[in-house]
Structure formats: C-alpha cells, structure tokens
Amino acid sequence: MNIEEAASYIEFNFSGKVLLENPFPTSKLPLYLSSTYNFRMISYFDHDFLLIDCSKTIELSIPSLEKHVRKVKEVFGYDIEVILVFDDVTKYLRNKLIEKGVSFVVPGKQIFLPTVGRIFTEKRMNRYSKQKDSIYKI
C-alpha cells in the first residue's frame, strides 16, 4: 500500500520515527471521498498528519483536490495537516501542488512538506522502461 511506503519514505528521509495510527475512520466522510481515497493518520515528532492515498484516482485536477482536502478538513477539523500520496506525478501537477503549497509524497521520488520546511527530489534514469500511464487533468 502506498501509505505505508510514504510513511517509511518520510521516516527514512527525515530520520525520525513515524508512527502509523489505526485506520482512519471514514464513516463521517461523504461517499465520494471514502470510496475514492485511502486515509491513514501518522505521527511524526508530536505532529499528526493525515495521509491521503491518491493512487486509485485516475483523473485529478488541482481544483478537485483542493475541494476534497477542504472537505476532509471541514469534517475532521481545520487544524489537521494533510499530505497527498501519489504513485507518480507529472511535472505540471507537481509544480501546481508546490505553487499552491499542498503537501505531497511520491514514495521513492519526491517529498514536499512545506510545514516541515524541506523538499526532496530524487531523479531516476528510466529512459527505456515502460511505466504505467497516469492521466492527470488540470
């Protein structure tokens, strides 16, 4: 699961212990959110973060992601810190997320956590390998 990979990737890069909480209760969320995303709380240095796994979502747009994050914060409290977890992101989507200040993790590749104050990008040379195509509409 991407959430466990993201938690271990954050733990590895920030050299601190990340604790995975019990599965996040999604019964309060609207069906369009609970059926689209996987949710999991993590604790890192006395801060709680909600990881939202976006890997099941085929078409993503910045306005819809912002709306979904806003709805999650509305249901569970505006002080909750949200981190989006992706399998992969396009350059355009990555730039828009950074521009909007949205925290995200691509396990093994990138971390953008403005509240922690660090950005990591790892480049891999996979010119000839076929990767699954993801469609992101902005």
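Here is a short chat about how some labels for this predicted model come about.

Me: Let's start simple. What makes up the protein chain in terms of helices and strands, and in what order?
Reply: The protein chain has four helices and seven strands. Going from the N terminus, the elements run α-β-α-β-β-α-β-α-β-β-β.

Me: How much of the protein chain counts as buried?
Reply: Of its 138 residues, 41% are buried. Buried here takes a relative accessible area under 20%.

Me: Why is Val18 called buried?
Reply: Its relative accessible area is 9%. The cut-off is under 20%, so Val18 counts as buried. Val18 lies in strand β1, residues 18–23.

Me: What is Val18 in contact with, leaving aside its neighbours within four places in sequence?
Reply: Ala7, Ile10, Glu11, Ile42, Ser43 and Tyr44. Take Tyr44: Val18 and Tyr44 are 26 residues apart in sequence, yet their C-alpha atoms are 4.9 Å apart in space.

Me: And Phe24, which sits in a loop: what makes that one buried?
Reply: The value for Phe24 is 12% relative accessible area. That falls under 20%, so Phe24 is buried as well. The loop in question runs between β1 and α2 (31–34).

Me: Which residues does Phe24 contact, beyond its neighbours within four places in sequence?
Reply: Phe39, Arg40, Met41, Leu50 and Phe76. Phe24 and Leu50 are 26 residues apart in sequence, and 8.6 Å separates them from C-alpha to C-alpha.

Me: Why is Ile98 called partly exposed rather than buried?
Reply: Ile98 has 31% relative accessibility. Buried needs under 20% and exposed needs over 50%, so a value in between makes Ile98 partly exposed. Ile98 is found in helix α4.

Me: What does Ile98 touch, not counting residues up to four places away in sequence?
Reply: Phe104 and Phe112. The C-alpha atoms of Ile98 and Phe112 are 7.4 Å apart, and the two residues are 14 apart in sequence.

Me: How do you know where Tyr32 belongs: buried, partly exposed or exposed?
Reply: Tyr32 has a relative accessible area of 37%. With the limits at 20% and 50%, that value lands in between, so Tyr32 is partly exposed. Tyr32 is found in helix α2. Leaving aside neighbours within four places in sequence, Tyr32 is in contact with Lys67, His68 and Lys71. Tyr32 and His68 are 36 residues apart along the chain, with 9.3 Å between their C-alpha atoms.

Me: Which way does the crossing of α3 and α4 go, left-handed or right-handed?
Reply: α3 passes α4 in a right-handed crossing.

Me: Which residues meet where α3 and α4 touch?
Reply: From α3 come Ile62, Leu65 and Glu66, and from α4 come Leu93, Lys96, Leu97 and Lys100. These divide into four nonpolar, no polar and three charged.

Me: What can you tell me about the largest nonpolar core?
Reply: That core has 25 residues, and Ile52, Leu84, Phe86 and Leu97 touch the most other members. At least two residues each come from β2 (38–44), β3 (47–53), α3 (62–76), β4 (81–85), α4 (91–100) and β5 (104–106). The most come from α3, which gives four residues. Another core, of 16 residues, lies apart from that one, and its members include Tyr44, Ile83, Val105 and Ile111.

Me: Last one: what share of the contacts between residues at least 6 apart in sequence join residues at least 24 apart?
Reply: In the protein chain, that share is 52%.

How values were computed
Residues are numbered from 1 along each chain as its sequence is written. This is a predicted model: local features need pLDDT of at least 70, side-chain atom pairs count only at pLDDT 80 or more; totals for chains, interfaces and linings use all residues. Side-chain values use heavy atoms; hydrogens and water are left out. A nonpolar core is a set of buried Ala, Val, Leu, Ile, Met, Phe, Trp, Tyr and Cys residues joined through side-chain atoms within 4.5 Å. Buried means under 20% relative accessible area, exposed over 50%, partly exposed in between (1.4 Å probe, protein chains only). A crossing is left-handed if the near helix is turned anticlockwise from the far one by less than a right angle, and right-handed if clockwise. Contact means heavy atoms within 4.5 Å. Ala, Val, Leu, Ile, Met, Phe, Trp, Tyr, Cys and Pro count as nonpolar, Asp, Glu, Lys and Arg as charged, and the others, Gly among them, as polar.
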